[in-house]
Amino acid sequence: MILPLFFIFCLFSSSHAAVQDFCVGDLAAPQGPAGYSCKDPSKVTVNDFVFSGLGIPGNTSNLIKAAVTPAFAAQFPGVNGLGISFARLDLAPGGVVPFHTHPGGSEILIVVQGTICAGFVSSANTVYLKSLKKGDIMVFPQGLLHFQINAGGSVAIAFVSFSSPTPGLQILDYALFGNNLPTELVAATTFLDTAQIKKLKGVLGGTG
């Protein structure tokens with residue numbers, strides 16, 4: 001009976017709870033697959049758990065007329081290891097966040113001003129598309145291509161929550177045309193005309 005009792009004891013004594021209250025990110029240390037190393041608890045202050053940047057509009061005077069202000073672990077070390085983070089999205093009239101993915105986390109967006117057309121594409125190539133107004137919330141599953149477009153004539157603002165302190169970001173347009181992949185290879189893998197590819201590389205900073 002000793003062996004079965006030992007396994008019962010292990011079953012009830014095991015726990016998935018964190019072994020410490022928090023792991024404020026040490027931004028001076030390298031970031032690994034599990035996030036940042038923990039800051040020395042004796043050096044942690046209340047400021048590590050507060051981020052004040054989301055009340056300021058982002059600069060939308062750029063190519064896509066959009067700005068994302070992140071409160072990820074790199075900017076907000078208090079969320080390190082907690083599986084959460086936040087961001088602000090500003091879209092000027094005509095602004096767009098092109099097709100992109102967050103490899104590290106799912107996303108929930110809530111519109112607080114204006115109208116945003118948002119959608120994502122499933123791995124079965126099914127499109128889920130909706131025009132969102134103030135107070136509307138939409139979820140974007142982890143790793144799926146999605147986008148947001150200002151669908152009104154005024155500034156649109158949204159706040160975004162992620163299921164990771166470091167959700168990551170890869171924008172499809174820049175992945176295709178903002179690098180040094182030879183134009184011939186881009187053409188072979190996308191079926192686009194080489195002249196159009198070179199034009200997009202010029203706009204997005206790519207070479208080759």
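What joins the side chains of Glu 107 and His 102? In this predicted model, the link is a polar contact of 3.0 Å. A polar contact here is a pair of N or O atoms within 3.5 Å; within protein, one must be able to donate a hydrogen and the other to accept it, and residues adjacent in sequence count only if both atoms are side-chain atoms. His 102 also has a side-chain polar contact with His 100, this one at 3.4 Å.

A quick word on the ground rules. Residues are numbered from 1 along each chain as its sequence is written. Because the model is predicted, local features need pLDDT of at least 70 and side-chain atom pairs count only at pLDDT 80 or more, while totals for chains, interfaces and linings use all residues, and side-chain values use heavy atoms, with hydrogens and water left out.

These residues also turn up in a record. An unreviewed UniProt entry puts the feature "binding site" at His 100, His 102, Glu 107 and His 146; UniProt positions follow the numbering used here, feature names are shortened, and annotations may be inferred rather than shown by experiment. The four are spread over 47 residues of sequence, yet they cluster in space, with a largest C-alpha distance of 11.9 Å. His 100, His 102 and Glu 107 are included in the lining of the largest pocket. On a 1 Å grid over the protein atoms alone, a pocket is an open set of points with protein on both sides within 12 Å along at least five of seven lines, and lining residues have an atom within 4 Å of a point.

Now for the surroundings. His 102 sits in the loop between strand 5 (96–101) and strand 6 (107–113), and Glu 107 is in strand 6; strands are DSSP runs (E, at least two residues), numbered from the N terminus. His 102 has a relative accessible area of 7%, so this residue counts as buried, and Glu 107 is buried too, at 3%. Buried means under 20% relative accessible area, exposed over 50%, and partly exposed in between (1.4 Å probe, protein chains only). Leaving aside neighbours within four places in sequence, His 102 is in contact (heavy atoms within 4.5 Å) with residues including Gln 142, His 146 and Phe 162.

What about charged pairs? The count comes to 2 salt bridges, each being a side-chain nitrogen of Lys or Arg within 4 Å of a carboxyl oxygen of Asp or Glu. One joins Asp 48 and Lys 39 at 3.1 Å, N to O; Asp 48 is buried at 9%, whereas Lys 39 is partly exposed at 24%. Asp 90 and Arg 88 also form a salt bridge, with their closest N and O atoms 2.8 Å apart, and both residues are buried.

Notes
On a 1 Å grid over the protein atoms alone, a cavity is a set of points where a 1.4 Å probe fits but cannot get out, and a pocket is an open set with protein on both sides within 12 Å along at least five of seven lines; lining residues have an atom within 4 Å of a point. Helices (H or I, at least four residues) and strands (E, at least two) are DSSP runs, numbered from the N terminus.
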